[in-house]
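Work through the exercises below with the coordinates loaded. Each task is followed by a stepwise solution.

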Amino acid sequence: METILRPLIVVGGSVLLTVVIGWATDLLLRKADGRHPETPLWGLLRRARLPYQIVLCAGLLRGSYVEAGVFPEHGTGVGRTLTLLLIGSAAWLVVRIAAAVVETSYSRYANAHAERDPARVRRVRTQVSLIMRVVTAIVGVVAVSSMLLTFPAMRAAGASLLASAGIIGIVAGVAAQSTLGNLFAGFQIAFGDMVRMGDTVVVDGEWGTVEEITLTYLSVRTWDERRITMPVSYFTSKPFENWSRGTPQMTGTVFWHLDHTAPMDLMRERLRDILRECPAWDGRNYNLTVTDTTPTTMEVRALVTAKDADDIWTVRVTVREGMLRWLTDEHPYALPRVNTADAALRPPHEGFPHARRSSAEDSRRPSGTDSRRFPGRPAKSL
């Protein structure tokens, strides 16, 4: 009877104690979150409830399974399994706690500077994201190393591994040269303020917004909701356009090809009226000029301004559509036209009098005459 009750008491007690402690801790965090709504720390720490309970349960079972007498013939295997579970859940818990602290710090900074300096907020967001990935990688490596060291064979091989660490490091560095290059490029992007999450960029002719930055790759979401993924080393080795760098204000252009009779003064007044009715126009500047001409049309360019890349697109399409509708309704003669009249035909000799004389001379020229080499002279026989 004792062999059955003892395992049930030990295992059941460990599980019950874990549930009670986890419930009490979650209750305290919930109350702290309600008392301090200005910080999201306590609410974020509640996400670590599952790894916290696993750590508690694994720790209690690891310390009491010997007394429970569960599978005594497999005591070493059970103990090692519980140890591995404890190390893994502890690493998970550390990552969750670190993420809560880092995200809370970023949230406070963003709330304090979002209105005054949004570009700096995006820069801090990029740095925080990469730092969190580095912390996760370090904790994972330490956890895996600790798990391996629980095996006696791995501890015995530690000396030989340390002795060959130099050679292995050189080989790994050569083999992972591209990966390491992207890794250092990720740090350079994060702390060099080259590109930030949320920036509007043009890469290989594609316009989009930086959606994600990791240690090895960067993802750009295009205007049509496609994702372009490229190594971060691209942004440190090739030129690209960053429309969010510095001030986000932009100047856009709109082109029309119109007839030479287009009323330019009236178009300038209409452009002003269209911009006044467009909420995306920031009111800084506008202009309309003739930039080029052809025998049939002239090129008219309008310059407009907006506070960022999204608004400049809205202003451009609004101006283009509004001006074309106004020209169609009020001044249709200003739109380009194609001349479909038949061309006037002339006899060949009227426009080119020499053509008739040449034809007459060719008719009187002897058959042995080479008109291409010596017009009017007989060709010499070779």
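The model is predicted, so local features are given only at pLDDT of at least 70 and side-chain atom pairs only at pLDDT 80 or more, while totals for chains, interfaces and linings use all residues. Residues are numbered from 1 along each chain as its sequence is written, and side-chain values use heavy atoms, with hydrogens and water left out.

**Exercise 1.** Count the salt bridges, then describe the one between Arg 30 and Asp 26.

Step 1. Apply the criterion: a side-chain nitrogen of Lys or Arg within 4 Å of a carboxyl oxygen of Asp or Glu. The count by this rule is 15 salt bridges.

Step 2. For Arg 30 and Asp 26, the closest N and O atoms are 2.9 Å apart.

Step 3. Locate the pair. Both residues belong to helix H1 (residues 2-35) and are four residues apart, which means a separation of about one helical turn. Helices (H or I, at least four residues) and strands (E, at least two) are DSSP runs, numbered from the N terminus.

Step 4. Classify the accessibility: buried means under 20% relative accessible area, exposed over 50%, and partly exposed in between (1.4 Å probe, protein chains only). Arg 30 has 44% and is partly exposed, whereas Asp 26 has 4% and is buried.

Step 5. Asp 26 and Arg 30 are linked with Arg 46 and Arg 49 in a network of salt bridges.

**Exercise 2.** Which strands does the salt bridge between Arg 227 and Glu 211 link?

Step 1. Confirm the bridge: the N to O distance between the two side chains is 2.9 Å.

Step 2. Assign the elements. Arg 227 lies in strand E4 (residues 227-231) and Glu 211 in strand E2 (residues 206-213), so the pair, 16 residues apart, links distant parts of the chain.

Step 3. Classify both ends. Arg 227 is partly exposed at 45%, and Glu 211 is partly exposed at 33%.

**Exercise 3.** Characterise the salt bridge of Asp 282 with Arg 284.

Step 1. The closest N and O atoms are 2.6 Å apart.

Step 2. Asp 282 is partly exposed at 29%, as is Arg 284 at 41%.

**Exercise 4.** Is Thr 200 buried or exposed, and which residues is Thr 200 in contact with?

Step 1. Thr 200 lies in strand E1 (residues 200-203).

Step 2. Its relative accessibility is 9%, so Thr 200 counts as buried.

Step 3. List contacts (heavy atoms within 4.5 Å). Leaving aside neighbours within four places in sequence, Thr 200 is in contact with Trp 207, Gly 208, Thr 209, Glu 241, Asn 242, Trp 243, Ser 244 and Ala 309.
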